[in-house]
Amino acid sequence: MMEDRRELLRKIPKIDEVLQDERLFFFTESTPRAVIVDSVREVIDELRKDILEGRRSQVGTKETLMTEIVARITGKKKKSLRRVINATGVVLHTNLGRANLSDKACESIMDVARNYTNLEYDVKRGSRGSRHDHVEKILTKITGAEAAMVVNNNAAATMLCLSALAKDKEVIVSRGELVEIGGSFRVPEIMEQSGARLMDVGTTNKTKPSDYLNAYHEGETGALMKVHTSNYRILGFTQEVELPEMVELGKKLNLPVIYDMGSGLMADLTDCGVDEPTVLDALKTGIDVILFSGDKLLGGPQGGIIAGKKEYIDKMKAHPLARAFRVDKMTLAAMEATFFEYSDIRQARKTIPVLNMITTPAAELKDKAERLAGEIRRTTHNFTVEVEACKDQVGGGSAPTVLLDGYAVAVQGRTLAPEKIERLLRKEEIPIIIRITHNQVYLDVRTIREDEFEYIVAAFTAMDSRQVEG
Ligand SMILES: *Cc1c(COP(=O)(O)O)cnc(C)c1O
């Protein structure tokens, strides 16, 4: 027995010999040598161990060994952060990175990433400039706001705003608006972190103007704040103080009014049933400061946009947290390019992927689903493929009650269970993320780009042969 094993171990190729194999030449230019050597060593060590411990009774062919090594190298080269195909139909899928950017925004990122830029340099005057200028120029032009700046995300924007305008002061907020967004952002906690003191007024379902007036303490109150209930709605016997009235109250009490509006919708989407407040409507009320996310319905990069009255924005720009929360040149480039798209709203609905996906008419989605279904049917034998109407969510904690009319390709395998198909699709080189509905695999075409069809079809073709084998 031991003799047999010793014999087998002798048959294992030497590392140096394997490294000469031409199947590895392909990797030599694009892969650090250490990664190749490690992969070879690991696979050979495992083989030796398996033989010694009696788990294998054959060395196998050189071909199988090399295939295993090549797979190991490819696995090691895989980036942790990778592209996936979103076949869930949820446009702003938080786990899948929210918004994907317009072509123009991506080009801008590439351009500034590989070159020096005028990030903090005034080319006209040949002197130091401010990184805030770039987005401020376009944003003030498009929205009419007096001033603007961008920080890391909306959570940072809220924190900076409260710290700069209301540290050690009371900030009055309605009890119905003490929002929690995705676990870590909670209005009361951000408030505490910022050094402002939360004065919550009214009740969960009703807050009146008099509630704000009664909570006002001269010399103690620093600001009034309204928070958009992005990811929930209070229905029934309700009352809230609308923005114009909040602005009136602010004037009366001589206090800044801050509005955390969440999504930062720039294009009116009421025709699609999306009833989120728009940036322009908010600014029209004469509000002092608005805060919103870059990567929700705005459809840009992650960021927190602060816009409003210059005197307040200047205070925020000068605050130490502004440095801690500042964004890099790539975010600024993508943000500027995204806002530039909004110079023509009709065009923006096509070029900004988030808007495009939300506004695609159901009939178009049906055609798209038919095309994908047709391709899968044409190239496989062991799947039942149907097109079904479905309801899609905007996601990302936006427009929580809106259900968009969508279409999905519903697939059932002859022998593969939906959970198994789901797992196999996730294991693809470009993982395909789907949902299972009514015990079927649903490929919701709203969030799938046409150029991604071929990957999906190839994945089903590969699974098809698996089903034949059993
Ligand atoms: C999403 C959201 C936030 C947090 O924004 P991030 O950009 O994710 O940090 C804050 N406030 C409201 C009302 C939101 O909807």
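Which residues of helix α11 (residues 243-253) are buried? The views below take that up, then turn to the ligand.

**View 1. The buried side of α11 in a predicted model.** Leu-243, Met-246, Val-247, Leu-249, Gly-250 and Leu-253 are the buried ones, with buried meaning under 20% relative accessible area and exposed over 50% (1.4 Å probe, protein chains only). They sit on the same side of α11 because they cover an arc of only 160° around the axis, taken from the directions from the helix axis to the C-beta atoms. Helices here are DSSP runs of H or I with at least four residues, and strands are E runs of at least two, numbered from the N terminus.

View 2. Lys-251 and Lys-252 are exposed on the face turned away from the buried side. Just after α11, Asn-254 has a positive phi of about 55°.

View 3. Look for N or O pairs within 3.5 Å. Polar backbone atoms of Asn-154 and Ala-155 each lie 2.9 Å from an oxygen atom of the ligand.

**Notes.** Residues count from 1 along each chain as its sequence is written, and side-chain values use heavy atoms, without hydrogens or water. As this is a predicted model, local features need pLDDT of at least 70 and side-chain atom pairs 80 or more, while totals for chains, interfaces and linings use all residues.

Terms used. A polar contact is a pair of N or O atoms within 3.5 Å; within protein, one must be able to donate a hydrogen and the other to accept it, and residues adjacent in sequence count only if both atoms are side-chain atoms.
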